[in-house]
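User: I've got a model here and I'd like to go through the wording used to describe it. Can you walk me through the terms?
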Protein chains: 2
Amino acid sequence: MAKTKARELERFGSNVRKLREAKEWTQEELAEKAGLDQTYISGIERGERNLTILSIAKLARALAVAASELCKGIDR
Amino acid sequence: MAKTKARELERFGSNVRKLREAKEWTQEELAEKAGLDQTYISGIERGERNLTILSIAKLARALAVAASELCKGIDR
């Protein structure tokens, strides 16, 4: 299945990366805290994953940020 | 398949309903503007739909609000 590369997913991915890097966490560390797989985190940050609300909430809790922070700008 | 009723989905649904009602739109009107089915909008507002980022962005554009507005509080 060809990887979907939508602007919304790329913006979401860059939001996740910025917040993760601000905490100086590796992708492995974020994956562990969020109960997700590291390769999934890497796909998210490359804008290749179309997460659901429940996964967004899981990531937000792991990063200790509001989910709305992760969704900033995805509609533009 | 039993309908999943998660707090995050219920909060997202109530965010959508509040924003729709503030515009005095019916579910049909929102469905048409978002290019989604009315029964899907009704399921979203009942907290029974686990939308993806791309659907969230679509709804945000239809409601002319930021996607972060729709995701407010889903992580609490």
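User: Is the crossing of helix 2 of chain A and helix 4 of chain A left-handed or right-handed?

Analyst: The crossing of helix 2 of chain A and helix 4 of chain A is right-handed. A crossing gets that name if the near helix is turned clockwise from the far one by less than a right angle, and left-handed if anticlockwise. Before we go on: this is a predicted model, where local features need pLDDT of at least 70, side-chain atom pairs count only at pLDDT 80 or more, and totals for chains, interfaces and linings use all residues. Residues are numbered from 1 along each chain as written, chains are lettered from A and ligands numbered from 1 in the order written, and side-chain values use heavy atoms, leaving out hydrogens and water.

User: Why are helix 2 of chain A and helix 4 of chain A called roughly perpendicular?

Analyst: Helix 2 (residues 27-34) and helix 4 (residues 53-63) of chain A pack at about 115°, their axes 8 Å apart. Angles of 65 to 115 degrees count as roughly perpendicular, under 35 as roughly parallel, over 145 as roughly antiparallel and the rest as oblique. Helix 2 of chain A and helix 4 of chain A are therefore roughly perpendicular. The axes are lines fitted to C-alpha atoms over the stretch in contact, with angles from 0 to 180 degrees between N-to-C directions. The helices themselves are DSSP runs (H or I, at least four residues), numbered from the N terminus.

User: Which residues make that contact between helix 2 and helix 4 of chain A?

Analyst: Helix 2 of chain A brings Leu30(A), Lys33(A) and Ala34(A), while helix 4 of chain A brings Lys58(A), Leu59(A), Ala62(A) and Leu63(A). Contact here means heavy atoms within 4.5 Å. The residues of this contact split into 5 nonpolar, no polar and 2 charged.

User: What makes helix 2 of chain B roughly perpendicular to helix 3 of chain B?

Analyst: Helix 2 (residues 27-34) and helix 3 (residues 38-45) of chain B pack at about 110°, with axes 8 Å apart. That angle makes helix 2 of chain B roughly perpendicular to helix 3 of chain B. Their crossing is right-handed. Gln27(B), Glu28(B), Leu30(B) and Ala31(B) of helix 2 meet Gln38(B), Ile41(B), Ser42(B) and Glu45(B) of helix 3, and these contact residues divide into 3 nonpolar, 3 polar and 2 charged.

User: How do you know that Ser68(A) counts as buried?

Analyst: Buried means under 20% relative accessible area, exposed over 50%, and partly exposed in between (1.4 Å probe, protein chains only). Ser68(A) has 15% relative accessibility, so it counts as buried. Ser68(A) is in helix 5 (residues 67-70) of chain A. Leaving aside neighbours within four places in sequence, Ser68(A) is in contact with Ser68(B), Cys71(B) and Lys72(B).

User: And why does Asn15(B) count as buried?

Analyst: Asn15(B) counts as buried because its relative accessibility is 7%. Asn15(B) is found in helix 1 (residues 7-22) of chain B. Not counting residues up to four places away in sequence, Asn15(B) touches Glu69(B), Leu70(B), Cys71(B) and Lys72(B).

User: What about Glu24(A), buried or exposed?

Analyst: Glu24(A) has 72% relative accessibility, so it counts as exposed. Glu24(A) lies in the loop between helix 1 and helix 2 of chain A, and its phi is positive, about 55°, although it is not a glycine.

Notes
Helices (H or I, at least four residues) and strands (E, at least two) are DSSP runs, numbered from the N terminus. Ala, Val, Leu, Ile, Met, Phe, Trp, Tyr, Cys and Pro count as nonpolar, Asp, Glu, Lys and Arg as charged, and the others, Gly among them, as polar.
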